[in-house]
Protein chains: 2
Amino acid sequence: MIRFRPIGIVHSPFKTRDDIDPRRNRRPRGFADVRGEIEIDPAYAPGLKDIAGLSHLIIIFVFHKAGPGHLFARPPFERRRRGVFSTRSPRRPNPIGMTVVRLHGRRGNILKVSGIDMLEGTPVLDIKPYTSRDRKRGVQRGWMQRSVLNR
Amino acid sequence: MIRFRPIGIVHSPFKTRDDIDPRRNRRPRGFADVRGEIEIDPAYAPGLKDIAGLSHLIIIFVFHKAGPGHLFARPPFERRRRGVFSTRSPRRPNPIGMTVVRLHGRRGNILKVSGIDMLEGTPVLDIKPYTSRDRKRGVQRGWMQRSVLNR
């Protein structure tokens, strides 16, 4: 077993799982416009030095409301179960999430961001700069190619 | 504290930290051509269903040889210390890594991939499909803009 201590939390307009469930709240333009904040524990705030010039950040977080993990997931609007590692379902063996957000500014230990698709209070494990190496070409999305989500 | 159990390990041509250190082994074309395998614990292998059609996978892993975490890092070929959250240094408060690899095929519980920049034996925590939402435009890389790395 490997243990991690959260470095901060997400502040999000999504307060409950229903708020973020695409079956209840379709978001045709996705989450790009969703604003929020990442509040870093003051003990870790010195590590935010130099972050202001970056446009995009990788946020690694915990799906803290996901419930037990499974090896299969039925994505929204899909009839078939898919192997969980070919989905972004939060109910996975290790409930770790990864979202790339846009950074709008920093005020002390608070990062102002958009692209939030996490719940209020989500524990943050790590923040990394998004670089050219993370931007891949020729992406084939397998079963998702025909899904209404993840376009 | 949050606990995770690895779901598998990375098989890599890089056996030691020196092998992968850009100060000892410059890789002008990066890691895109570096082949390796991801071996999933057979208990989790059913979760690999449907993965074959995906071209790129997000691998979340543990920097298991990184040593203690710090709030600042001096990136290779740089004179100045940077806030660790604006770097991809393995020596971070939670030693979690994220790399996007290309998937070449699956044989049972083994994924054949390229783009490996991890060490042999790296514990894998999660595998996710890379989607259009992970491919960002207009990326500004702050201090890295002038770095010889991360182009």
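Here is a friendly note, in numbered points, on the two-chain model shown above.

1. **Ground rules.** The model is predicted, so to speak of local features a pLDDT of at least 70 is needed, side-chain atom pairs count only at pLDDT 80 or more, and totals for chains, interfaces and linings use all residues. Residues are numbered from 1 along each chain as its sequence is written, while chains are lettered from A and ligands numbered from 1 in the order in which they are written.

2. **How the two chains are related.** In general, two copies of a chain are related by a rotation about an axis and a shift along it. Here, chain B is superposed on chain A by a rotation of 180 degrees with 0.0 Å of shift along the axis, at an RMSD of 0.0 Å. That is the relation of a two-fold axis. The superposition is by least squares on the C-alpha atoms of residues with pLDDT of at least 70 in both copies.

3. **Where they meet.** Chain B brings 58 residues to the contact and chain A brings 58 residues; two residues are in contact if their C-beta atoms, placed from the backbone, lie within 7 Å. On the side of chain B that touches chain A, the elements giving two or more residues are β1 (2-4), β4 (56-62), β6 (82-83), β7 (96-107) and β9 (123-129) of chain B. Strands here are DSSP runs of E with at least two residues, and helices are runs of H or I with at least four, numbered from the N terminus. The most comes from β9(B), with 6 residues. Because 100% of the interface residues of chain B are also interface residues in chain A, the copies meet through the same surface.

4. **What that side is made of.** By class, the side of chain B that touches chain A holds 28 nonpolar, 15 polar and 15 charged residues. Nonpolar covers Ala, Val, Leu, Ile, Met, Phe, Trp, Tyr, Cys and Pro; charged covers Asp, Glu, Lys and Arg; the others, Gly among them, are polar.

5. **A pairing across the chains.** Strand β1 (residues 2-4) of chain A and β1(B) run antiparallel and are joined by 3 bridges. Two strands pair if DSSP finds at least two bridges between them.

6. **The barrels.** In chain A, a closed barrel of 6 strands runs β2-β3-β8-β7-β4-β9 with antiparallel pairing. The twist from one strand to the next averages 45 degrees; axes are lines fitted to C-alpha atoms, for helices over the stretch in contact, and angles run from 0 to 180 degrees between N-to-C directions. In chain B, 6 strands close into a barrel in the order β2-β3-β8-β7-β4-β9, again with antiparallel pairing.

7. In chain A, β4 (residues 56-62) and β9 (residues 123-129) run antiparallel and are joined by 5 bridges. Within this part of the sheet, Ile60(A) stands opposite Asp126(A), and Ile59(A) stands opposite Ile127(A). β9(A) also pairs in the antiparallel sense with β2 (residues 8-11) of chain A, over 2 bridges, and there Gly8(A) stands opposite Val124(A). β9(A) is mostly covered, with 6 of its 7 residues buried. Buried means 20 or more other C-beta atoms within 10 Å of a residue's own, exposed means 12 or fewer, and partly exposed lies in between, with C-beta atoms placed from the backbone.

8. **The core.** Which residues touch the most other members of the largest nonpolar core? In this core of 68 residues they are Leu57(A), Ile59(A), Ile60(A), Val124(A), Ile59(B), Ile60(B) and Val124(B). A nonpolar core is a set of buried Ala, Val, Leu, Ile, Met, Phe, Trp, Tyr and Cys residues joined through C-beta atoms within 7 Å. Leaving aside neighbours within four places in sequence, Ile60(A) is in contact with Ile96(A), Met98(A), Leu125(A), Asp126(A), Ile96(B) and Met98(B).

9. **A loop residue.** Ala52(B) is found in the loop between β3 (35-40) and β4 of chain B. Ala52(B) is partly exposed, with 14 other C-beta atoms within 10 Å. Ala52(B) and Arg107(B) are 55 residues apart in sequence and 9.8 Å apart in space, C-alpha to C-alpha.
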